[in-house]
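Here are some comments to read alongside the structure, written as numbered points. Please keep the sequence and the 3D view open while going through them.

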Amino acid sequence: MTDQTTHTPAGATTTRKTRETSGILGLKGRDITLMVIVLILTMAAPILLNPFPADSSLAQFNAGYPDLMQRFVIFGIFAIGFNILFGLTGYLSFGHAAFLGVGSYATVWMFKLLNYNILPGLVLSVIVAALFSVLIGYISLRRSGIYFSILTLAFAQMSFALAYSVLTPITNGETGLQVYTSDPQYLQSAGAPDMPHLFGVTMRATETIEIGAWSFTFNFGYYVCAIIMLAAFYMAIRIFRSPFGMMLRAVKSNQQRLNYTGVNPRPYTLAAFVISGMYAGLAGGLMASMDPLAGAERMQWTASGEVVLMTILGGAGTLIGPVLGAGLIKYFENIFSKINDGVLHQWFAFMPDGIEDLLVTIVHPFVGKGWHLTLGLMFMLVVIFLPGGLVEGGQRIATVFRRDRKATNVEDAAAKKRNAK
Amino acid sequence: MEAIFLQILNGLDKGSAYALIALGLTLIFGTLGVVNFAHGALFMIGAFCAVTLQRIFNASFTTIDESRTDFLGNPMQVQTPYVEAWFGPEIGASIIDWSVPLAILLAIPVMLLVGFIMERGLIKHFYKRPHADQILVTFGLAIVLQEVIKYFYGANPIPTPAPDVFRGSMDFGVLLGFDPNVVIYPIWRLVYFIFSLSIIAAVFGFLQFTTFGMVVRAGMADRETVGILGIDIDKRFTIMFGIAAAVAGLAGVMYTPINPPNYHMGMDFLVLSFVVVVVGGMGSLPGAVLAGFLLGILESFASTTWAIGLVPGINQIIIYLVAIVVLLTRPRGLMGRKGVMEE
């Protein structure tokens, strides 16, 4: 490559340049569409997620309140990052929550030491998570397959156990790390708000707009997270389409062949591991920015399992899948766990009494406290029937429709022919 | 010397549980080539067999005893368990007392059935899928089983005491010539250890000395050839899955007096058991048993004040630390065979 550029005349380089700069921000065709769709969806989320009037009985299905929307995008970032590792290289890490936890701790420490501006915290969370993931990744990536999963799991559980017990001076143990008034906060100026903010605008700053029966909430913290998620998503697209992304796919499809061609896959997988660790750290930092608290339970292996669920549910190895999965799981977690028997009776009220009670009894175990049952079933069904996740499901439906259209076109053509005769 | 002996004893009960679960996991992995993340859930279901049997035995009817009054002056309501009414108070009471060991009789058919249904209904379709898919679907199944149990039995731990004879501790050291009151050990844990040793011996004996076991071992070594020889190896592997489930279930039943069962006990054990399997060597049955006891004992040594004073927090991380060291120095685990899970 370098040889070519030095020896060939200017013409060659210019053609390459034009190829690289075609499209917006280095994206092409479908990626631009995807990016624009995600951009519109995230920016208009407070409106789109509140389709029901505030005082209607369906208002409980609204998801357009700040707390939940923030979780959508934060876990979206987490899942996008996880997907760069799992989706591209096929290395299934069961310990990614460790990086999330580390990121949270780093951000809260910045709050404690400097001030409540989230920027230093986020930067530090990414750096710390990167260092931590270099360490864990360097060791874990010596093995592949289930051994890799167990190694990452072991590291994450170790960090969890240590954060709970020995590292209490740093992590504040079971109580969780939080900011106290006695903390130094060296850069805290008199006028600055005493809650997480970005250059003076607090994360909780919220604007509510009422239009008719609808009320929409626009929250500053959400938009900060959303913009960061868009940047993260853009980065992920670039990684997916880059030669580096190609290498990672090669690792997934046949590592042995890669070895035979004289390529050492380890640096590539390590880079992917560190990148996804940084994403997780960033997500952790954002979580702490929305609510200045960091607890060890964020590092537990169930939290790692959750991000695996999100990625698989949405579609591992696809761009939009992890974001969809994260949104869906967090949405269902919120909505399903809110439904109780009273709500169910209200729904089935139009049925005869006996059937109403029967239906409520049937549905009861799946909602409210039992929503994990629904999650488990949903997850199993997806793994069994749709290994590619929801994205594959969407594609299958799309092909069915396309085939139908094609079939009707053929029929039309046949009919025309007949008519012509 | 006494202290060391005591720590070894202390490690045995957890080690037995690890060994039994890891044995089942390895059986499933070795025969079917499936990584079963729902194995912890099977352990938990076994434990809840004991809870169920205890509840059944304690099912009672109420009679009103006019001759006595409660503290409000109303006639006393007396709860009589059905078993006491049927078999007389003495035998009935001892049946209730022995409900945990008796639960073994319930757990074996239940676990075999659960194992068959799981294998035929779900796992069968995942032989040819990648290991990641197997992990994920069994992980989903584990969540479902766990939630079902939680729905029926609630989220709190349910105390299931051991029979009266085995409650309390014994001065174990005296038997071995130590000073009295030095090595004191709960009797039930000793029972658990002996029980798990006999289960392990039974499984190994079954594989080693029966024709069925021989065929299964042959199938583990070379499935295709055994199939070509006209043996329905799939059916035998299904039975082995049932046996592995039963082993996990029995481990769960007998563990209930040590730790009151709750719905997430399976997951807690599963993570550690996987570490045990990997340390022992994927696919090696003796390795799984050895690593189970070894890690249990190591964990107990790391919990001594001396070890914690030396390295703070060592008791929390020792198992993972050992796993990391073993995996990096001996990639196949302590007794792993070549070519297992190496892609």
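Predicted model: local features only at pLDDT ≥ 70, side-chain atom pairs only at ≥ 80, totals over all residues.

**Notes on the two chains**

1. The predictor gives the complex an ipTM of 0.79 and a pTM of 0.82, while chain B averages a pLDDT of 83, with 98% of the residues scoring at least 70.

2. How many residues of chain B are in contact with chain A? There are 31 of them, and they meet 33 residues of chain A. On the side of chain B that touches chain A, the elements giving two or more residues are α6 (131-153), α12 (265-280) and α15 (314-329) of chain B, and α6(B) gives the most, with 14 residues. By class, this side of chain B has 24 nonpolar, four polar and three charged residues.

3. The largest nonpolar core has 219 residues, and those that touch the most other members are Ile77(A), Phe78(A), Ala283(A), Leu23(B), Val247(B), Val275(B) and Ala323(B). Helix α11 of chain B, residues 233-255, provides the largest share of this core, namely 15 residues. Val275(B) deserves a careful look: not counting residues up to four places away in sequence, Val275(B) touches Ile150(A) and Ala154(A) as well as Ile319(B), Tyr320(B) and Ala323(B).

4. In chain A, helix α6 (residues 97-113) has 17 residues and reaches 24 Å from its first C-alpha to its last, close to the 24 Å expected at 1.5 Å a residue. Is this helix enclosed or open? Because 16 of the 17 residues of α6(A) are buried, the helix is largely enclosed by the rest of the structure.

5. Ile80(A) lies in helix α5 of chain A, residues 66-89, and is buried, with 29 other C-beta atoms within 10 Å. Leaving aside neighbours within four places in sequence, Ile80(A) is in contact with Ala232(A), Phe233(A), Ala236(A), Tyr279(A), Pro322(A) and Val323(A). By C-alpha positions, Ile80(A) and Gly121(A) are 21 Å apart in space, and they are 41 residues apart in sequence.

6. A UniProt record, an unreviewed entry, lists several spans of chain A as "transmembrane region", including residues 220-240 and 373-393. In the model, residues 220-240 of chain A are 100% helix and 0% strand, with end C-alpha atoms 30 Å apart, whereas residues 373-393 of chain A are 86% helix and 0% strand, with end C-alpha atoms 22 Å apart.

7. For chain B, UniProt (again an unreviewed entry) lists spans under "transmembrane region" that include residues 190-216 and 307-328. Residues 190-216 of chain B are 96% helix and 0% strand, and their end C-alpha atoms lie 32 Å apart. Residues 307-328 of chain B are 86% helix and 0% strand, and there the end C-alpha atoms are 24 Å apart.

Technical notes
Residues numbered from 1 in each chain as written. Chains lettered and ligands numbered in written order. Helix = DSSP H or I, 4+ residues; strand = E, 2+ residues; numbered from the N terminus. Expected span 1.5 Å × (residues − 1). Buried ≥ 20, exposed ≤ 12 C-beta atoms within 10 Å, placed from the backbone. Contact = placed C-beta atoms within 7 Å. Nonpolar A, V, L, I, M, F, W, Y, C, P; charged D, E, K, R; others polar. Core = buried A, V, L, I, M, F, W, Y, C linked by C-beta atoms within 7 Å. UniProt positions renumbered as here; feature names shortened; annotations may be inferred. pLDDT = per-residue confidence, 0-100.
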